[in-house]
Amino acid sequence: MKRILFPTDFSEAANAAFVYALQFADSFDAEVIILHVYDLPIVEAPPLPESTKEIFDIVELNQFESFREELPALHKIAQNKKLDHIKLRNILLYGDLVYNINKVCNEENIDLVVMGTTGASGVKEAFLGSNAGAVIANTQTPVLCVPKAAQFHHQVKSIAFTTQYKDKDNEALRKTLELAEKFKAKVYCLYIKNDDDPADIEERINEWKMYYKDNNIDFFNIAGDHIEQTILDFIENQQVDMLVMRTHKRGFFESLFHRSLTKKMAYHTKVPLLVFHEN
């Protein structure tokens, strides 16, 4: 992990995520790229093309000045956390947030996107336009979603990893264990039992236990009809500091561990959610 992208709107939720971006950068000796994306105004039938250009130039200049004025506050946060040695770079772009995140991820070879979430309820949690949910659904780069509630708790000593004990989960688990080693954290491998459990599930569980026996990991296999609530209860009962999920496009567990659930967990957890994507 060499480059971490931190999209920000300079909100309190974004600032909470910035601390995690700094901590990850510190642990992996990486740099943080600060990205701010803004929209240009909609101009209806201007009399002259020059007028439109003038309006856009003014907006661009104002955004640049605002961006420059906000940056010292981020540097102050880094200084207060004794993380001001982290290399920071700044990028200001206009247009669609997800498009620009993907653009920067490709151009800069980004290894991780760290962004804040403000939480949601009711119909809002399914709103595809929400930033964190849209980024989770439309990028292949791992995404760390940090809820505003995590701003006063920046330790990562225990990590829960949800799994179906599929071969495809191994890569994400190995990355999680690498991360845990950096933070000296314990990993809890969590499987939610279901009536549709495959016949060989116990065999697969035992194979994983043997394969990962030399790692700092425990395995929890819990029955629960309400998958989301079971995960949230586990986080609270085990005092988990970070949740890791992998998005699944298909499979017998599709109704449980899919993009919609992953996006929903990004809003409902009080701890950061790290999302790995299925290639």
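1. In helix H3 of this predicted model, the buried residues are Val98, Asn100, Ile101, Val104, Cys105 and Glu108. Seen down the axis of H3, these buried residues fall within an arc of 165 degrees, so they line one face of the helix. On the other side of H3, the exposed residues are Tyr99, Asn106 and Glu107.

2. The length of H3 agrees with expectation: at 1.5 Å a residue, the 12 residues of the helix (residues 97–108) should span 16 Å, and its end C-alpha atoms are 16 Å apart. At the start of H3, a side-chain oxygen of Asp96 reaches to within 3.2 Å of the backbone nitrogen of Val98, while the helix is followed by Asn109, whose phi is positive, near 55 degrees.

3. The side chain of Glu108 makes a polar contact of 2.8 Å with the side chain of Arg89. Leaving aside neighbours within four places in sequence, Glu108 is in contact with Arg3, Ile33, Arg89 and Ile91, a list that contains both arginine and isoleucine residues.

4. How many salt bridges does a search of the whole structure find? The search finds 11. One of them joins Lys87 to Glu31, with the closest N and O atoms 3.9 Å apart; the cut-off for a salt bridge is 4 Å, and I would keep both values in view when citing this pair. Lys87 lies in the loop between helix H2 (49–80) and strand E3 (88–94), and Glu31 in strand E2 (residues 31–38), so the pair ties together parts that are 56 residues apart in sequence. Lys87 is exposed, with a relative accessible area of 51%, whereas Glu31 is buried, with a relative accessible area of 9%.

5. Glu171 forms a salt bridge with Lys175, the closest N and O atoms being 3.4 Å apart, and the two residues, four apart in helix H5 (residues 169–183), are separated by about one helical turn. Both count as partly exposed, Glu171 at 40% relative accessibility and Lys175 at 36%.

6. The side chains of Lys186 and Asp218 meet in a salt bridge of 3.5 Å, N to O; Lys186 lies in strand E7 (residues 186–193) and Asp218 in strand E8 (residues 217–223), so the pair ties together parts that are 32 residues apart in sequence. Lys186 is partly exposed, with a relative accessible area of 24%, and Asp218 likewise counts as partly exposed, at 32%.

7. Which residues do salt bridges that share partners join into one network? They are Arg3, Glu31, Lys87, Arg89 and Glu108. The Lys87 and Glu31 pair of point 5 therefore belongs to the network that also contains Glu108 of point 4.

8. Val114, found in strand E4, is buried, with a relative accessible area of 0%. Although Val114 and Leu5 are 109 residues apart in sequence, their C-alpha atoms are 6.2 Å apart in space. Not counting residues up to four places away in sequence, Val114 touches Ile4, Leu5, Phe6, Pro7, Ala17, Tyr20, Ala21, Leu144 and Val146.

9. For the chain as a whole, the protein has eight helices and 10 strands, and 49% of its 279 residues count as buried. Among contacts between residues at least 6 apart in sequence, 82% join residues at least 24 apart. The chain exposes about 14,300 Å², of which carbon and sulfur atoms supply 48%.

Conventions
Residues numbered from 1 in each chain as written. Predicted model: local features only at pLDDT ≥ 70, side-chain atom pairs only at ≥ 80, totals over all residues. Heavy atoms only, no water. Buried < 20%, exposed > 50% of the residue type's maximum accessible area, 1.4 Å probe, protein only. Contact = heavy atoms within 4.5 Å. Areas by Shrake-Rupley, 256 points an atom, 1.4 Å probe, with all protein chains shown as cover. Expected span 1.5 Å × (residues − 1). Arc of directions from axis to C-beta. Polar contact = N/O pair within 3.5 Å; in protein donor to acceptor, adjacent residues only side chain to side chain.
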